[in-house]
Each structure stands twice: as structure tokens, then as C-alpha cells.
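The sequence and the structure come first.

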Amino acid sequence: MAAGKGKEAAVLPVPGRRNVLVTSALPYVNNVPHLGNLVGCVLSADAYARYCRLRGHNVLFVCGTDEYGTATETRAMEEGCSPREICDKYHAIHKDVYEWFGISFDHFGRTSSPQQTDICQDIFRKLLDNNWLSENTIQQLYCESCQRFLADRLVEGSCPNEGCNYDSARGDQCEKCGKLLNPTELIDPKCKVCGNTPCIRDTDHLFLELPLLKEKLERYINEASGDGSWSQNAVHATKAWLKEGLKPRCITRDLKWGVPVPHEKYKDKVFYVWFDAPIGYISITACYTPEWEKWWKNPENVELYQFMGKDNVPFHTVMFPSTLLGTGENWTLMKTISVTEYLNYESGKFSKNKGIGVFGNDAKDTNIPPEVWRYYLLTNRPEASDTLFTWADLQAKLNSELVNNLGAGYGSIIPDAPNADSHPLTQAMAETVGKLVEQYIDAMDKVKLKQGLKIAMTISSEGNAYLQASQFWKLYKQDPDACATVMKTSTGLVYLLACLLEPFMPSFSKEVLQQLNLCPEEHLSFSDEKQERDKAKRPWDLIPSGHRIGKPAPLFKGLKPMQYSASGKILQAVKTKED
């Protein structure tokens, strides 16, 4: 179920159930995703989607490559091919990376589809009919050498934001301070194609009148963010935008690669990527099922959860909802937004342009299993502040947390445990674990993924402590009934832990369930409707007596120190301690 399922029946909202629509920010197609991209968007969304399925919710998880715009045209020029060829090449690379990481998309699509054109143009026409668009003449940078207007990403210069002065700011946004820019605001701008200094020329464009939509937008933001379902960094970024004052935002660009504007005067222009890219969530769903409106025009029965890095916030909390509100239609608007800060690399930042950091294909080449990468990234998820990836920390966490806590295999026939309800040590442990499971559910319901993972690992530690405190090796001869209780309870805890960790390390959970000789597709649910949460409070009842466990094997192997370059490339093959 990774990176798009097969020809199964489409998942559609079910009346009476909790229907959760999960999206990950659409990764841009012009490069290979690095670990910061993964944990900020795709991996976080996957962990939450898997958790929702574990809770018995009806879930649709969609994502896809963002394929239109300047960055694609630029990459195509660099590689000497067409934008379509670039999109085909990198879409396949993205899909392969996400499949290796075990991302459970229901559909992984792309924005360069006929559905994207149809839906985008339909939304545009409704905005035009409702008088939320205006025309204006703007000054835009024009490269006389290239004989073209320069789109935002074809220009670089120094950031004009006071105190920043970053000398490689793009024409649309400064990578360092995060401020959104217009190309003409850059200090000492240069054309990225030829390196010459562009001049300024007049050109006509269409604008979305955000100031006129302010009342509708603020009402939505106050209602959606007021119950604490938006991460604080998203709330702060959105309020900062509103405080600065909404301005009309240009929605067209002088490009060829994009959704054509269905307007006679602007037929040679395309929609600006910020306008059409979020609509990609909708069109990708439309590619998945012709009944897409049951998800996207059904706010009474669908909850929309969106995951992204902090630089994407205003596009999702201001631009996209304004666009949908302006149509006057009953769209499913975002209920919850989960935003990460930056995952930094060693002593600096991940950088696609400079090739610094660990990219998806690099992770695959290390021979470190995907569940180790998933665990490390999610336990290091930058939820409230920037966090740091280091190779030394990866090695330490694997060796100290995974190998020591979860590394053992298991094998036996499950005994009967008639005295579990009267065994003091077992009862005390069960009470502790029951409370921890409730804390886990509370954290995960609130999309506190790092906290949820930490609680699950605490349950693992409680299980190990219980096993040691029981002195089962003595009980085997001295008190066979108590020994049977401890063995049956401990095995039940292993099963419980495999289920709790499935959102974070699905391949690990699958391996544990196989070793337990249980069907990996039929793991324990924590559904409220079926009242299954209480099962966790009686771990000795989770696996029936007489059940034969499969062949045990080590679940994790430790890592030796690694050699790597400053850009994150492994210089020697990773060896396990057992090699």
C-alpha cells in the first residue's frame, strides 16, 4: 500500500463514520526529495494517515508532484529537454523514493493533468463571475538577452528584508528569512539563465482581490484555528500575514508551462503556480475517483488535514482558502494544519540546489532499512523548533533505542494465563500501559507525532522492565502458573507495541506480526465505534492460548561508525555490527 494502491475500489466518504482527508504538501518535481522534505510533509502525513486507519477512521491520503511553473522550465533548460520530460523523469524518482520509505498514499498523482486544467479553469471562471479578480499593469523584470519576461524563480538577488540581506534570494521568496517577495524588490537582481541584469517593463496581469475577501477569510481562520487544531507556528505565520495587511495577489505569469488562462486577453499566459498548485490536491483526487466532490465539496462529513513545512503556510491558510471561498461553493476547507520547522543537516541546511544533505536515493543506498530512517526522522521531527540531523545521532539512536529496546525476536507456544487478573506485577504493569495507551491516542489525535512515538517507546521500556522484574527465569521452575502469566502478557505487549508503532515503522510492525504468526493486515484496532481501546488494558488476552509463534529472528542490527562527505554522501558501505 505504498505510493499509490492498485486497482482497488476507491475510498469514498461513508455516512456516520469519521471521514479524514489527508494531504501532504505537493513536492516540487524538479529535484530529488531530501530528508527535510520527507519529514516535513510526506512522512508526517503518512504517520498520521496510518494512525487514523488504526483508529478505524475512513481515510483518503493523496499527494503528487507539483509540476508546473518556472522551476520546471529552468530544470528543463539545464538538462536540455522539455518540461514534460523533466516531469516524467522526476515524478518516477519521487514515486520510487516514497515507495521505498513505505508511504501509504491512496493515490500519488501529478498536477500536469487534464483534470488540473479543468478544475483550475472552472475555479477561475467562478472567481471572475463573482468579481473577486482585477486587472492591473505591473512592472516585471525582462531579460533583453533572453528576450523574455523573467518569472520569479528565474531571478536571484539580495533580500530587501531589513536584517536579512541574503544574497541568493529568489524572486518569489527568500529561502533564509521566509519573506514572500516580488522580483522587482530584489537588490541587484540577475537573470538565472544568462547572468545579465534584467530591466523593468510593463505587463498586464490578473489579481485575486484578497482585501475584498478579508472578512470571509478571517471568519474561516478564526473558526478553524480557534480550537487548537492548527499548530502554533501555522497560527503565528498566518496572523503575521494578516497583520501586515492583505494585498491583491497576482495569479498569472508570462510562461508557457502551466495551466492556460481561459481569457481572450490573457490566453498567452498561464496561472501562477501558487494559484494552481493547491488546486492540485483536488485534481489529484479527481484523477483517483470521478466522485471527487464527495471529498472536496462535503465539509459536513469530511475533515481535511494538511501537512507541510513552514514556508508553505500562507499558501494554505490565506491563498488557497481565499480562492475556494471566492467561488461561493461549499468546499471542504482545511480543519487541521500540521507544520514543521526546518530539519537542518550537520552544521548547515539541507539544500537541493547545492546538493547538501541526505536525499531519498542516498538513504536507500546506505543499506539502512527504511524503518530506521522513519523512526529517526519522526523522533527528530521539528514540530516546535528546528532540529538537526547528524550521522552520529542516527547511529546512536539506532544502537541505543531500537536495537536495545526492540531488537529481540520471539518464539514459543502461548500458554494459558488463568491467574493474570490476580498477579500483582502484571496488574500494575497493565494499569500503567493502559494509561500510556490513552496518552498515545490523545497525542496522536492532536497530531503530536513525536510525542506519540515517545509514548509508544515508553510502553516498550515498561514491557522490558516488567519482564526483568518478574524474574521469569526463576518462575519457570518455582511458579509455572506465574511464569505462564508473564510469558502470555509479554507476548501480548509485543503485539500491542507492534500495532502502536505501525504508523511510524510499518515494515517493523509487519515483521513482528509475522514472527508472532499473525496476519499483518489484521492488527489490533483502537476504534471508538467498536470499543476496542480497552483491549490494551488486558495484554494477556490479546493472543489466544495455544497459538504457536513463528520463527524468531533479530529485528534490528546495530551500525558501526560511518564515513561520509560534507554533502551527505556515504564514502563507504554501511556495515552492521554483526557483519
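**Ground rules.** I am reading a predicted model, in which local features need pLDDT of at least 70 and side-chain atom pairs count only at pLDDT 80 or more, while totals for chains, interfaces and linings use all residues. Residues are numbered from 1 along each chain as its sequence is written, and side-chain values use heavy atoms, with hydrogens and water left out.

Helix α17 covers residues 480–501, which makes 22 residues, and from its first C-alpha to its last it reaches 31 Å, close to the 32 Å expected at 1.5 Å a residue; the expected span is 1.5 Å times one less than the number of residues. I then asked how many residues of α17 are buried. For this I used relative accessible area with a 1.4 Å probe and protein chains only, where buried is under 20%, exposed is over 50% and partly exposed is in between. The count is 19 of the 22 residues, so α17 is largely enclosed by the rest of the structure. Helix α12 (residues 370–379) is mostly covered, with 10 of its 10 residues buried; among them are E371, W373, R374 and Y376.

Strands count as paired if DSSP finds at least two bridges between them. Three strands form an open sheet in the order β7-β6-β8, and the pairing is antiparallel. β7 and β8 stand at the edges with a single partner strand each, so one side of each has no neighbour in the sheet. I followed β6 (residues 155–158) to β8 (residues 187–191) and found three bridges in the antiparallel sense, with S158 opposite I187 in β8. Towards β7 (residues 169–170), β6 is joined by two bridges, again antiparallel; here G157 stands opposite A169 and E156 stands opposite R170.

**Cavities.** Rolling a probe the size of a water molecule over the atoms shows where empty space is left. A cavity here is a set of points, on a 1 Å grid over the protein atoms alone, where a 1.4 Å probe fits but cannot get out, and its lining residues have an atom within 4 Å of a point. Grid points are joined across faces, edges and corners, and a volume is the space filled by probe spheres set on the points. By this rule I count two cavities of 30 Å³ or more.

The largest has a volume of about 100 Å³, and its lining includes Y28, D152, R153, D172 and R253. That lining divides into six nonpolar, two polar and four charged residues, where Ala, Val, Leu, Ile, Met, Phe, Trp, Tyr, Cys and Pro count as nonpolar, Asp, Glu, Lys and Arg as charged, and the others, Gly among them, as polar.

The second largest cavity has a volume of about 50 Å³, and its lining has eight nonpolar, three polar and no charged residues. Which element gives the most to this lining? Helix α10 does, with four residues, and both β13 (302–309) and α10 (313–327) supply at least two.

**Aromatic rings.** Rings of Phe, Tyr and Trp (its six-membered ring) pair if their centres lie within 6.5 Å, and planes under 30 degrees apart count as stacked, over 60 as edge-to-face and the rest as tilted. The whole structure holds 24 aromatic pairs. W100 and F101 form an edge-to-face pair, 5.0 Å centre to centre with 85° between the planes, and F101 is buried at a relative accessible area of 2%. Y281 and F320 form a tilted pair, 6.3 Å centre to centre with 50° between the planes. This pair links distant parts of the chain, as Y281 lies in helix α8 (residues 279–288) and F320 in helix α10, 39 residues apart. Y281 counts as buried at 2% relative accessibility, and F320 counts as buried at 5%. I also noted that ring pairs link Y48, Y51, Y305, F307 and Y440 into a cluster.

L388 lies in strand β17 (residues 387–389) and is partly exposed, with a relative accessible area of 39%. L388 and Y342 are 46 residues apart in sequence, and 8.4 Å apart in space from C-alpha to C-alpha.

Technical notes: 1 Å grid on protein atoms, 1.4 Å probe; cavity = no way out; pocket = protein on both sides within 12 Å on 5 of 7 lines; lining within 4 Å.
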